[in-house]
Amino acid sequence: MKSEILLSALVAGALAFLPVSAQEAPRVDARLKFLSMTRPLMNIGLMHDKKAEGLVIATDMLSDEVVYQGPSRLELLEMKSTSVPSVIDTAKDEESERKKTGPTQGVRAKNSSKEYAPAGTPPFAWIDLPANQGRLHLILLVTPGLGNGIIALADTPGSGPLGSNRYLNLCSYPVVVRLPSGDLKIEPKGSKSARPGAKNNEYYDLQILTPDEEKQKLAYSGRVFHMNSVRKLYLISEAPGESRRISLKVVEDRDAPAKAQPPTATPPKGVK
């Protein structure tokens with residue numbers, strides 16, 4: 001009996017030291033769009049198992065859709081350049097460089113290939129995504145240095161069609177979004193989508209109110225131009241140093257442009 005218990009313990013201990021892949025770690029299949037909440041993020045990579053895919057994450061627009069198939073823990077890493085400079089092989093190029101920067105010293109780079117590899121530092125942002133949930137569609141808001149650095153927003157196809165707006169309340173208190181189509185009360189860390197109730201290519205009034213004791217306080221008011229061909233993401237957050245004041249970030253999202261078709265050649269007259 002003691003030998004059986006000892007054997008079981010040894011097997012359990014051995015399994016604990018197996019690589020994650022050998023233990024069939026949870027996997028995620030996701031379609032992702034990224035947005036930076038602070039500054040443009042360049043020279044970064046999204047880890048796919050042992051490979052990194054280079055990304056550029058802007059602050060004013062969603063990234064192109066990224067296909068992610070990997071571990072449930074999604075990680076963003078800093079990348080370093082592995083480009084190798086090439087020799088300038090003509091006197092004309094050297095003379096041009098001298099005129100711009102003075103006498104050349106050593107080898108200068110010309111048309112270097114931009115290749116990157118992980119810098120070897122820990123991930124600067126990560127998130128644990130739900131595994132075995134089928135295909136996920138997410139918008140990932142990246143804020144390096146704030147917690148784990150990523151907030152996930154579900155973006156199920158059809159939930160935010162063109163011509164609609166989505167409001168994400170990042171405040172610690174509820175807000176009310178007032179539209180021509182009606183009021184939307186959004187709880188802290190919640191989101192709602194709605195069409196504004198305006199005609200295409202026309203302006204409408206938008207107001208955002210926050211609670212102030214037992215009343216509602218106007219935190220934002222503006223005129224917005226509506227287009228049926230655009231959907232907008234409104235990120236509502238607390239303004240620093242202000243009580244019940246908000247900071248508003250608006251990001252437009254459009255359909256990817258259709259691929260240009262090659263022009264059809266018109267045969268000369270008399271040729272069929």
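Which strands each supply at least two residues of the lining of the largest pocket? They are β1, β8 and β17 (246–253), strands here being DSSP runs (E) of at least two residues, numbered from the N terminus.

## Basis of the model

This is a predicted model, in which local features need pLDDT of at least 70 and side-chain atom pairs count only at pLDDT 80 or more, while totals for chains, interfaces and linings use all residues. Residues are numbered from 1 along each chain as its sequence is written, and side-chain values use heavy atoms, with hydrogens and water left out.

## The largest pocket

The largest pocket has a volume of about 520 Å³. A pocket is an open set of points, on a 1 Å grid over the protein atoms alone, where a 1.4 Å probe fits, with protein on both sides within 12 Å along at least five of seven lines; lining residues have an atom within 4 Å of a point. Volume is the space filled by probe spheres set on the points, which are joined across faces, edges and corners.

Of its 23 lining residues, K33, R231, D253, R254 and D255 are the closest to the centre. The lining comprises eight nonpolar, five polar and ten charged residues. Here Ala, Val, Leu, Ile, Met, Phe, Trp, Tyr, Cys and Pro count as nonpolar, Asp, Glu, Lys and Arg as charged, and the others, Gly among them, as polar.

## The second largest pocket

The second largest pocket, with a volume of about 310 Å³, is lined by 15 residues, and M37, T143, L146, I151 and L170 lie nearest its centre. Its lining has eight nonpolar, five polar and two charged residues. Strands β9 (150–154), β16 (231–238) and β17 each supply at least two lining residues, and β16 gives the most, with three.

## The nonpolar cores

A nonpolar core is a set of buried Ala, Val, Leu, Ile, Met, Phe, Trp, Tyr and Cys residues joined through side-chain atoms within 4.5 Å. In the largest core, of 23 residues, F34, L74, L76 and V142 touch the most other members. Strands that each supply at least two residues of this core include β1 (27–36), β5 (73–81) and β8 (135–142). A second, separate core of 17 residues includes A194, Y204, I208 and Y234.

## Isoleucine 127

I127 is found in strand β7 (residues 125–128). The residue is buried, with a relative accessible area of 11%; buried means under 20% (1.4 Å probe, protein chains only). Not counting residues up to four places away in sequence, I127 touches S72, R73, L74, N148, I150 and A152, contact meaning heavy atoms within 4.5 Å. I127 and I150 are 23 residues apart in sequence and 6.1 Å apart in space, C-alpha to C-alpha.

How values were computed. Helices (H or I, at least four residues) and strands (E, at least two) are DSSP runs, numbered from the N terminus. Buried means under 20% relative accessible area, exposed over 50%, partly exposed in between (1.4 Å probe, protein chains only).
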